[in-house]
Amino acid sequence: MAEVKSEKIVSANGVTIATEAFGDPAAPPVLLIMGAMASMLWWPDAFCRKLAASGRYVIRYDNRDTGLSTKYAPGNPPYSMDDMAGDAVAVLDAYGIAAANIVGMSLGGMIAQIVALSNPARVSSLTLVSTTPIGLGLELPPISAAYMEHAASAESLDWSDRAQVIDFMARDARIIASTAHPHDADRIRAFIGRDYDRSGGLLSATNHFMLQGGDSIKGKLKSLKVPLLVIHGTTDPIFSVEHGMAIADAVAGSEFLPITGGGHELHGDDWGIILAAITRHTT
């Protein structure tokens with residue numbers, strides 16, 4: 001059943017959300033929530049299939065302003081991270097799932113925290129990858145200077161120019177890449193082109209950098225009751241490893257898995273460790 005893939009368009013909360021599922025619907029469900037500017041394709045097909053092959057029903061989806069989901073004019077998104085958390089719950093509703101194992105990466109990890117703390121009955125377990133704690137009020141290391149310099153160059157980018165956008169995103173992928181494994185620049189460039197074409201451009205996805213939200217769960221992370229696994233690369237230039245450690249330290253009984261040399265990505269050479277941990281955690 002792991003090879004079975006299906007698609008579904010979910011209409012809820014005034015938006016349409018494109019989703020895909022892998023594996024046996026009778027297996028324990030795992031909902032994957034990806035990060036800023038990233039469609040569900042950033043959870044690679046092969047990654048999803050391997051997770052499904054471990055005996056899980058895997059669902060991924062395009063967040064608002066990415067992929068084939070509802071998009072808005074850039075510059076002033078009329079939604080918050082809380083609304084995106086509502087979208088995650090709506091996906092579970094559409095699949096008839098009462099509670100799922102939630103896996104969130106980066107912005108997706110922030111959304112996952114909101115889901116778990118606002119709708120705990122819908123979450124069987126929580127896995128947070130390369131993200132930062134919401135509402136703890138901690139002074140954690142900032143984004144690296146090199147990444148900030150790169151990000152600043154986006155202001156002069158012509159987001160309607162496919163070549164410029166792919167060049168920018170390819171540089172982005174290189175800066176956040178693992179320091180322990182080779183970076184396949186040709187493969188990632190081809191993938192970005194595929195994502196760009198499927199999404200019809202990436203300009204609307206820049207709305208993710210203006211999102212607010214999470215006020216409703218301020219100070220509540222320490223009260224999280226669902227089993228928590230935190231996975232974090234030790235050389236992540238966006239959210240340094242201290243961010244992941246802070247999450248794990250805040251939640252009693254949590255598990256922290258450092259990925260040595262890991263960046264802000266799901267590098268294929270680390271899948272074995274990551275998938276084994278998620279499979280164990282979602283049992």
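Visitor: How many nonpolar, polar and charged residues does the lining of the largest pocket have?

Guide: The model shown is predicted. In it, the lining of the largest pocket comprises 33 nonpolar, 10 polar and seven charged residues. These are the 50 residues that line the pocket, whose volume is about 1,300 Å³. Lying nearest the centre of the largest pocket are Ala36, Asp172, Ile176, Ile238 and His264. Two or more lining residues come from each of the elements α1, α3 (107-118), α4 (145-152), α5 (162-175) and α6 (185-199).

One of these elements, α1, also packs against another helix. Helix α1 spans residues 45-53 and helix α8 spans residues 271-281; their axes lie 10 Å apart, at an angle of about 40 degrees. Because of that angle, α1 is oblique to α8. The crossing of α1 past α8 is right-handed. On the α1 side, the contact is formed by Ala46, Phe47, Lys50 and Leu51, which meet Trp271, Ile274, Leu275, Ile278 and Thr279 of α8. Sorted by class, this contact has seven nonpolar residues, one polar and one charged.

The second largest pocket has a volume of about 190 Å³. Its lining includes the residues Thr132, Pro133, Ile134, Gly135, Leu136, Gly137 and Leu138, together with Met110, Leu140, Phe239 and His243. By class, the lining of the second largest pocket divides into seven nonpolar and four polar residues, with no charged residue, whereas the lining of the largest pocket has seven charged residues.

Methods
Residues numbered from 1 in each chain as written. Predicted model: local features only at pLDDT ≥ 70, side-chain atom pairs only at ≥ 80, totals over all residues. Heavy atoms only, no water. Axes fitted to C-alpha atoms, helices over the stretch in contact; angles between N-to-C directions. Helix = DSSP H or I, 4+ residues; strand = E, 2+ residues; numbered from the N terminus. Parallel < 35°, antiparallel > 145°, perpendicular 65-115°, else oblique. Left-handed = near helix turned anticlockwise from the far one by under 90°. Contact = heavy atoms within 4.5 Å. Nonpolar A, V, L, I, M, F, W, Y, C, P; charged D, E, K, R; others polar. 1 Å grid on protein atoms, 1.4 Å probe; cavity = no way out; pocket = protein on both sides within 12 Å on 5 of 7 lines; lining within 4 Å. Points joined across faces, edges and corners; volume = space filled by probe spheres on them.
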